[in-house]
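Me: I would like to learn how to read a model like this one, feature by feature. Could you give me the general idea each time and then the case at hand?

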Amino acid sequence: MTLDVASAILARRATKVFDAEHRMPEEDLETILGLARRMPTAFNIQNWRFVVVKDTELRHEIRKVAWDQPQVTDASALLILCADIRAWEKSPARYWENAEPDTREMMVGAIDQYYRGREQVQRDEGMRSCGMAAGAIMLLAQSMGYTTCPMDGFDFDAVGKLIHLPEDHEIVMFVALGKPAKEPYPTGGILPASEIIIRNTFS
Ligand SMILES: Cc1cc2nc3c(=O)[nH]c(=O)nc-3n(C[C@H](O)[C@H](O)[C@H](O)COP(=O)(O)O)c2cc1C
């Protein structure tokens, strides 16, 4: 099954109760993650890192520090989207390996100039990248017949310890994927477009 983008957006809801018996074929997860990696990142630094938590015991440990939310153990796949905060300085030429040498050199210089000494920017950039990846993951999953739950209801430090998060990485969020075992609640409510869409300036 495949859905077009608009249909996937309209069909997507946060799944609170997954079918714990369902197993997702590895190829489906590979397809989803392979396509999500084609989303953009600033300067193409690809600063996202996707942790696929397969280990059942680890999932139970994570659930304990995630408000006991059942999605953590019952979803067919649990992804922890992390940002490599210092990706910008880790051999940045490889982000432009297909470019002409002049362009590559120019981009490497620009990356350094943009990020060096700007900790907030480095972190924010990771949030932007993973946010976009999360959106893509959810829509791709939906289009392939799965449902998802984006999650940040967990103790970030505790999860970081459980997955041995490197010092220069940050956890951004989880995305749980699988088959639903229960219909979602009715949509909470959609704010009026006039509150959300601003024409030119705020005042
Ligand atoms: C960043 C983020 C974090 C969220 N964290 C959780 C969570 O920890 N547990 C949960 O059940 N739902 C979580 N949600 C799901 C939201 O509650 C849900 O997306 C929202 O109410 C809109 O409902 P819908 O996704 O069904 O349209 C999260 C959503 C986002 C975007």
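Me: Which residue of strand 2 does V52 stand opposite?

Reply: Strands here are DSSP runs of E of at least two residues, helices are runs of H or I of at least four residues, and both are numbered from the N terminus; two strands pair if DSSP finds at least two bridges between them. In this predicted model, local features need pLDDT of at least 70 and side-chain atom pairs count only at pLDDT 80 or more, while totals for chains, interfaces and linings use all residues. Residues are numbered from 1 along each chain as its sequence is written, and side-chain values use heavy atoms, with hydrogens and water left out. In this case, V52 stands opposite L79 in strand 2, and 6 bridges join strand 1 to strand 2 (residues 77-84), the two running antiparallel.

Me: In what order do the strands form the sheet?

Reply: The 4 strands form an open, antiparallel sheet in the order 1-2-4-3. Its edge strands are strand 1 (48-53) and strand 3, each of which pairs on one side only. From one strand to the next the twist averages 25 degrees, where axes are lines fitted to C-alpha atoms, for helices over the stretch in contact, and angles run from 0 to 180 degrees between N-to-C directions.

Me: Which strands does helix 2 touch as it packs on the sheet?

Reply: Contact means heavy atoms within 4.5 Å. By that rule helix 2 (residues 26-36) touches strand 1, strand 2 and strand 4 (169-178), and its direction makes about 170 degrees with that of strand 1. Helix 6 (residues 119-143) also packs on the sheet, touching strand 1, strand 2, strand 3 and strand 4, with its direction at about 5 degrees to that of strand 4.

Me: Which residues surround the ligand?

Reply: A residue is near a molecule if one of its heavy atoms lies within 4 Å of it. The residues around the ligand include R12, Q69, C149 and D152, and strand 3 (residues 147-151) gives the most to this shell, with 3 residues.
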